[in-house]
Amino acid sequence: MVRRFSPHVLRTVTDLDGVWDFAYLGDVDPDDVALDDLAFDDAMAVPGCFDATPAYAGRRGLAAYRTRVLTRAGRQRLVFDGVQHWCRVYWNGRPIRDHAGGFTRFWAETDAQGGEAEITVLVDNRFGDRSPLHMEHFDWYHFGGISRGVELHVLDGVRIDGLEIDTLSVAERRIEVRIGYTAETASAPLTIECDGRALLAESVDLDPSGSITRTLEIPWAAPWSPADPNLSLLTVTLGEDDQRERFGLREIATANGRITVNGEPVRLLGVNRHELHPQFGHTQPESLVVADVQQLRDLGCNFVRGSHYPMDPLFLDLCDESGILVWSESIGWQYPVEHLTDPAFVDAQLAHIDEMVAAARNHPSIILWGVLNECPSWSEDGRPVYAKLLGRLRELDATRPVTYASLNAHDDQCFDLVDVVSANTYPGWYFGGLADIPAELDRIAARVDALGHADKPLIISEIGAGAVPGWNDAGGSLWTEDYQAALLATVIDHITEGQDRISGLGIWVMGDFTTTEHREMALKRPRGLNDKGLVDEYRRPKQSYRVVRERFRR
Ligand code: ADA
């Protein structure tokens, strides 16, 4: 797992990224698999998506990955940063964890003697009950595999399970630190250091599992802001275990229709970003992440929406360093009402939200949590699910506003449930022409205000047009780069110069990306790609890139 700091110095951590043994099993029930009978006749990169490789392109089925590791005796914690999209993890042939839902960190644990151990992971990229969060008709291709990094952590009697750092007051440089742990001893020494300075050293009494909370002051630390993204590094040791987290002192709030960072209103200008690539699927090689952040900065974006699932930890690290503000969203795309009212789906969403927040909450760049992109927020049956998921986000993290991207702001029934109202709309593309864009944006703003939400920030969370790279004609018709550039110029000009109510813009979308195999969707997507990108799928700029860059930088 590549990060911009080392989360552990004392803990024994083995990086398991590399090339693992691989077997594609196809349409097989994981409960019927006998590991001893498997013929591992191939090899696969970890992290990687098997169906993004030529040999398994387009396949949906079960696959097996296997590796071996030399370990010492102790509690073995296998940490996965994301597996697409259902998996069963085995330690020396014994199943130790099932997990559903990609894009989030989870771990599988067991006690073991030292020596060589065999790790096997069955990975399933099919749609169905095992993975209620994934549906075929989404507008992106769900690649399968161990798509993010894997590590083996070996732990002893006291282990740190989580470290949360919240800013209590920027003015007073005060933070709250919460340490989640599991312990086999009744007490242990605790130390906390920040930026190399000792803050605390004491002995703490421990329960078998629990949490320790301390309020601390870091008077030397400069606040984090988009213009000046100062970061601090906090180190906790508890017994023999340690954990380090990077964070920034900053407060996010909403006031007078704007999001504020440390009390300063910001207008969000940015793009939506998918983590997809024709050759790597959902896997994000470091060079790709670095290139994406370079382009966001070059465009002059101060904002990115992670559409429509939690982003790679390295991407978030680089946003922390660049001062780019992030909307972090749990997985979702136009789930029908029947899905939302299924208790198994709601449980899976809640577990996924818990994992998203646990993995990402210390990133100062994240200013907004989101759920359920374009789901039935217009329906009576959908509303309780919105209330439940948004409520869970608030319970987990009271320091950030919550939102969701509405499919149709004109009949939405859930805007009262959020801190920030967000609307997706495609004037000039799915309806109307270029001339209709200002009126549609104004109409959305007027409805939100008329509902009594004039004090809430309003983000146009998606707007855009398809452009086949290199395609132009004399008439500037739909699908040309000319038309896309003209549409985005009209949008940005209206938001930045025409009216002041809209507090944020997320252009759909940063880069072209592979769409689903679902026929109905694929027939609307030339080249099998959603091509509303400012850059193509290999990050080559279209005309719109220059038009947006010029305006965002103004
Ligand atoms: C929706 C959706 C996006 C994408 C977009 C489009 O707004 O949220 O994921 O599918 O439409 O390109 O039509």
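**Helix pairs, domains and a ligand shell**

So, α4 and α5 are roughly parallel to each other, which here means an angle under 35 degrees. Before I go on, this is a predicted model, where local features need pLDDT of at least 70, side-chain atom pairs count only at pLDDT 80 or more, and totals for chains, interfaces and linings use all residues. Residues are numbered from 1 along each chain as its sequence is written.

Okay, back to that pair. Helix α4 is residues 343-360 and helix α5 is residues 383-396, and their axes come within 10 Å and cross at roughly 25 degrees. Axes are lines fitted to C-alpha atoms, for helices over the stretch in contact, with angles running from 0 to 180 degrees between N-to-C directions. Helices are DSSP runs (H or I, at least four residues), numbered from the N terminus. On the α4 side you've got V346, Q349, L350, I353, D354 and V357, and they meet V385, K388, L389, R392, L393 and L396 in α5. Contact means C-beta atoms, placed from the backbone, within 7 Å. By class, that's eight nonpolar, one polar and three charged residues. For the classes, Ala, Val, Leu, Ile, Met, Phe, Trp, Tyr, Cys and Pro are nonpolar, Asp, Glu, Lys and Arg are charged, and the others, Gly among them, are polar.

Next pair: α7 (residues 481-498) and α9 (residues 543-552). They pack at about 15 degrees with axes 8 Å apart, so α7 is roughly parallel to α9. Among the α7 residues meeting α9 are L488 and I492, and the α9 side includes V547 and V548. This contact divides into six nonpolar, four polar and three charged residues.

Then there's α1 (residues 286-299) with α2 (residues 313-322), whose axes come within 10 Å and cross at roughly 35 degrees. Here E286, V289, V293 and R297 in α1 meet L314, F315, L318 and S322 in α2.

Zooming out, the domain assignment, automatic or from a database, gives domain 1 (18-148), domain 2 (158-247) and domain 3 (267-465 + 476-511). The C-alpha centres of domains 1 and 3 lie 30 Å apart. How many residues of domain 1 are in contact with domain 3? There are 25, touching 24 residues of domain 3. The domain 1 side has 13 nonpolar, seven polar and five charged residues.

Last stop, the ligand. What surrounds it? D139, H308, W333, N373, E374, N424, E462, W508, N530 and K532 do, each with its C-beta atom, placed from the backbone, within 6 Å of the ligand. That shell has two nonpolar, four polar and four charged residues.

Terms used. Helix = DSSP H or I, 4+ residues; strand = E, 2+ residues; numbered from the N terminus. Parallel < 35°, antiparallel > 145°, perpendicular 65-115°, else oblique. Contact = placed C-beta atoms within 7 Å.
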